[in-house]
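Notebook open, structure loaded. I want to go through a few spots one by one and jot down what I find.

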Amino acid sequence: MSAEGFRKIGLSLLAGNTEERGRVVEVEKGVLAFNQRLAEENRARFDAAGVRVVNVLSSPGSGKTTFLARTLRELPLRAGVIVGDLATDHDAERLRASGAPAVQIQTGGVCHLEAAMVARAAALLDLEALEVLFIENVGNLVCPASYDLGEHLRVVLFSVTEGEDKPLKYPTMFKTAQAVVVSKVDLAEAVGFAREEALENVHRVNPKAVVLEVSAKTGQGMEGWYAFLRAHLG
Ligand SMILES: Nc1nc2c(ncn2[C@@H]2O[C@H](COP(=O)(O)OP(=O)(O)O)[C@@H](O)[C@H]2O)c(=O)[nH]1
Ligand SMILES: [Mg+2]
């Protein structure tokens, strides 16, 4: 059955009574297993093309597009981007201004990107011409965490304006990322960001996470991000 078929059954069961919960869990497992197979196919395709892929996640408005736009302008690598949103192609338009190829996925209400969507979008890019492909996921700290897209590196943005407790409230997202980018640090003082507490919360859920602190507005910390990318993309 297709991922879409699984999703429809899942939604109808979710609308039903609690006894169906066990069945719902089975359907969810089926959807994720199906996605995982496609993610492995994506990774094999990316490896064959020699392109390294970075999945960028965060809640809406944490600064993903601004951060990627600056990265695309400044990073001396041939880069492309796939961007997911529920609706509109605003972000792809913003990212194309850097000169990089950008493909927009409109999920039509689905709250995360899936490997099948990324496969279709990637087919529109000349992967062999790229060294790095960024994927801006749908703004959401819950669902996207469970969907491998075939990426090599997963990065979560955590802006100083969204509250120090977010890693504790959304542990799966923070656990599955190799790096946590604390964004909008230019606003830290204005919003009374409790830096030590926030970093402690990140490391409590993910002791191995590399933490980078940046402002895509002023450029502060961006060199550290580029150094991290160079070290981790091989
Ligand atoms: N002060 C400040 N604002 C930022 C920064 N990065 C993004 N923003 C603003 O935050 C808002 C959301 O940014 P956007 O990149 O669209 O976030 P996304 O929804 O995660 O892609 C916009 O108004 C940006 O101008 C930053 O580093 N500093
Ligand atoms: Mg965006």
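This is a predicted model: local features need pLDDT of at least 70, side-chain atom pairs count only at pLDDT 80 or more; totals for chains, interfaces and linings use all residues.

**Helix H8.** I started with H8, residues 195-205, and looked up which of its residues are buried: Ala198, Leu199, Asn201, Val202 and Val205. These residues span an arc of only 155° around the axis, so they sit on the same side of H8. I then checked the other side of H8 and found Glu196, Glu200 and Arg204 exposed there.

**Helix H5.** Next I ran the same check on H5, residues 115-122. Here Ala115, Met117, Val118, Ala121 and Ala122 come out buried. Their arc around the axis is only 155°, which puts them on the same side of H5. For the cover over these buried residues, I noted helix H2 (21-49) and the strands E2 (79-85), E3 (102-106) and E4 (132-136) among the elements involved.

**Ligand 1.** Then I moved to the ligand. Which of the 16 residues around ligand 1 come nearest? I wrote down Gly61, Lys64, Thr65, Thr66 and Asp186. Sorting the shell by class, I have seven polar, six charged and three nonpolar residues. Helix H3 (residues 64-74) gives the largest share of the shell, three residues.

I also went through the polar side-chain atoms facing the ligand. Lys64 has one 2.8 Å from an oxygen atom of ligand 1, and Glu136 has one 3.2 Å from an oxygen atom of ligand 1. For Asp186, an N or O atom of the side chain is 2.8 Å from a nitrogen atom of the ligand. Taken alone, ligand 1 exposes 580 Å², and the protein buries 73% of that.

**Ser62.** I picked out this serine, which is placed in the loop between strand E1 (52-57) and H3. Is Ser62 buried or exposed? I count Ser62 as buried because its relative accessible area is 1%, and the cut-off for buried is under 20%. Its side chain makes two polar contacts that I noted: one with the side chain of Glu162 at 2.9 Å, and one with the side chain of Ser59 at 3.0 Å. Setting aside neighbours within four places in sequence, I find Ser62 in contact with Leu157, Ser159, Glu162, Ser183 and Lys184.

**Ser59.** I followed the contact back to the partner. Ser59 also lies in the loop between E1 and H3. With a relative accessible area of 13%, Ser59 is buried. From this end I see the polar contact again, side chain to side chain with Ser62 at 3.0 Å. Which residues does Ser59 touch, not counting those up to four places away in sequence? My list reads Lys64, Gly139, Asn140, Leu141 and Glu162.

Last, I looked at a distance along the chain. Ser59 and Arg70 are eleven residues apart, and their C-alpha atoms are separated by 19 Å.

Note on methods
Residues are numbered from 1 along each chain as its sequence is written. Chains are lettered from A and ligands numbered from 1 in the order in which they are written. Side-chain values use heavy atoms; hydrogens and water are left out. Buried means under 20% relative accessible area, exposed over 50%, partly exposed in between (1.4 Å probe, protein chains only). Helices (H or I, at least four residues) and strands (E, at least two) are DSSP runs, numbered from the N terminus. The arc is that of the directions from the helix axis to the C-beta atoms. A residue is near a molecule or strand if one of its heavy atoms lies within 4 Å of it. A polar contact is a pair of N or O atoms within 3.5 Å; within protein, one must be able to donate a hydrogen and the other to accept it, and residues adjacent in sequence count only if both atoms are side-chain atoms. Accessible areas come from the Shrake-Rupley method with a 1.4 Å probe; for residues, only the protein chains shown count as cover. Ala, Val, Leu, Ile, Met, Phe, Trp, Tyr, Cys and Pro count as nonpolar, Asp, Glu, Lys and Arg as charged, and the others, Gly among them, as polar. Contact means heavy atoms within 4.5 Å.
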